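Please keep the sequence and the coordinates side by side while reading.

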Amino acid sequence: IRYENAFSYFYVAVEGETVIGFIDFWITFDSSTICQIAVTKNCRNKGIASLLMEKMMCILKENEVVVSTLEVRSHNQSAINLYLKHGYFKEIVKPHYYTNGDDAIYMIKGVV
């Protein structure tokens with residue numbers, strides 16, 4: 001089964017022929033949402049996630065996106081630090097957002 005979503009963007013980081021990270025985000029009109037970003041454990045803290053975030057920001061600017069949002073688990077401090085580093089700020093906490101009961105932090109960033 002093949003699914004297509006005209007709003008979805010998916011970019012990968014590769015080393016040789018191996019995928020070492022990816023970012024998945026949606027653009028809907030003038031806003032964007034990061035759905036997921038991940039880097040393999042052995043490639044973390046090498047700037048891969050930042051490169052993926054920078055690629056996304058270029059795409060957002062090309063598409064005249066005004067705001068980017070995301071949700072992150074409240075205990076995922078490394079991800080929160082990445083987002084803060086890239087200009088996102090904590091907007092609200094969504095209690096019990098995830099199916100296992102974890103809280104989510106809703107973060108937002110202006111793009112222009």
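Leaving out residues up to four places away in sequence, Ser68 touches Ser32, Ile34, Met56, Leu60, Tyr88, Met107, Ile108, Lys109 and Val111 in this predicted model. Ser68 is found in strand S4, and its relative accessible area is 0%, so that it counts as buried. Its side chain also has a polar partner, for a polar contact of 2.6 Å joins the side chain of Ser68 to that of Tyr88.

The place of Thr69 is likewise in strand S4, and with a relative accessible area of 10% this residue is buried, because the limit for that class is under 20%. The side chain of Thr69 makes a polar contact with the side chain of Thr33, at 3.3 Å. Once its neighbours within four places in sequence are set aside, the residues in contact with Thr69 are Ser32, Thr33, Ile34, Tyr88, Tyr106, Met107 and Ile108.

The largest nonpolar core holds 28 residues, of which Ile37, Met53, Met56, Leu60, Val72, Tyr83 and Tyr88 touch the most other members. At least two residues of this core come from each of strand S2 (18–28), S3, H1, S4, H2 and strand S6 (104–110), and the largest share, eight residues, is that of H1.

Which elements each supply at least two residues of the lining of the largest pocket? They are strand S3 (31–39), helix H1 (48–62), strand S4 (67–73) and helix H2 (77–85), and among them S3 gives the most, with six residues. The volume of the largest pocket is about 770 Å³, and its lining consists of 26 residues, with Ile37, Asn76, Ser78, Ala79 and Leu82 lying nearest the centre. Ile37 therefore has a place both in the largest nonpolar core and in the lining of the largest pocket, where the residues counted are those with an atom within 4 Å of a pocket point. Divided by class, the lining has 15 nonpolar, six polar and five charged residues.

Strand S2 contains Gly21, which is buried, with a relative accessible area of 3%. Not counting residues up to four places away in sequence, Gly21 touches Tyr11, Val12, Ala13, Ala38, Val39 and Leu52. The C-alpha atoms of Gly21 and Met107 are separated by 21 Å, the two residues being 86 residues apart along the chain.

The loops remain to be considered. Phe29 and Asp30 are both found in the loop between S2 and S3. Phe29 is exposed, with a relative accessible area of 74%, whereas Asp30 is partly exposed, with a relative accessible area of 42%. Asp30 and Glu64 are 34 residues apart in sequence, yet their C-alpha atoms are 6.4 Å apart in space. With its neighbours within four places in sequence left aside, Asp30 is in contact with Glu64, Val65, Val66 and Val67.

Asn63 lies in the loop between H1 and S4 and is partly exposed, with a relative accessible area of 35%. Its contacts, again leaving aside neighbours within four places in sequence, are Tyr9, Ile27 and Phe29. Between the C-alpha atoms of Asn63 and Val19, which are 44 residues apart along the chain, the separation is 26 Å.

A last point concerns the backbone. Most residues other than glycine have a negative phi. Phe29 has a positive phi of about 60° although it is not a glycine, and the phi of His96 is also positive, with a value near 55°. His96 lies in the loop between strand S5 (89–94) and S6, and at 61% relative accessibility this residue counts as exposed, because the limit for that class is over 50%.

Definitions and conventions. Residues numbered from 1 in each chain as written. Predicted model: local features only at pLDDT ≥ 70, side-chain atom pairs only at ≥ 80, totals over all residues. Heavy atoms only, no water. 1 Å grid on protein atoms, 1.4 Å probe; cavity = no way out; pocket = protein on both sides within 12 Å on 5 of 7 lines; lining within 4 Å. Points joined across faces, edges and corners; volume = space filled by probe spheres on them. Helix = DSSP H or I, 4+ residues; strand = E, 2+ residues; numbered from the N terminus. Nonpolar A, V, L, I, M, F, W, Y, C, P; charged D, E, K, R; others polar. Buried < 20%, exposed > 50% of the residue type's maximum accessible area, 1.4 Å probe, protein only. Polar contact = N/O pair within 3.5 Å; in protein donor to acceptor, adjacent residues only side chain to side chain. Contact = heavy atoms within 4.5 Å. Core = buried A, V, L, I, M, F, W, Y, C linked by side-chain atoms within 4.5 Å.
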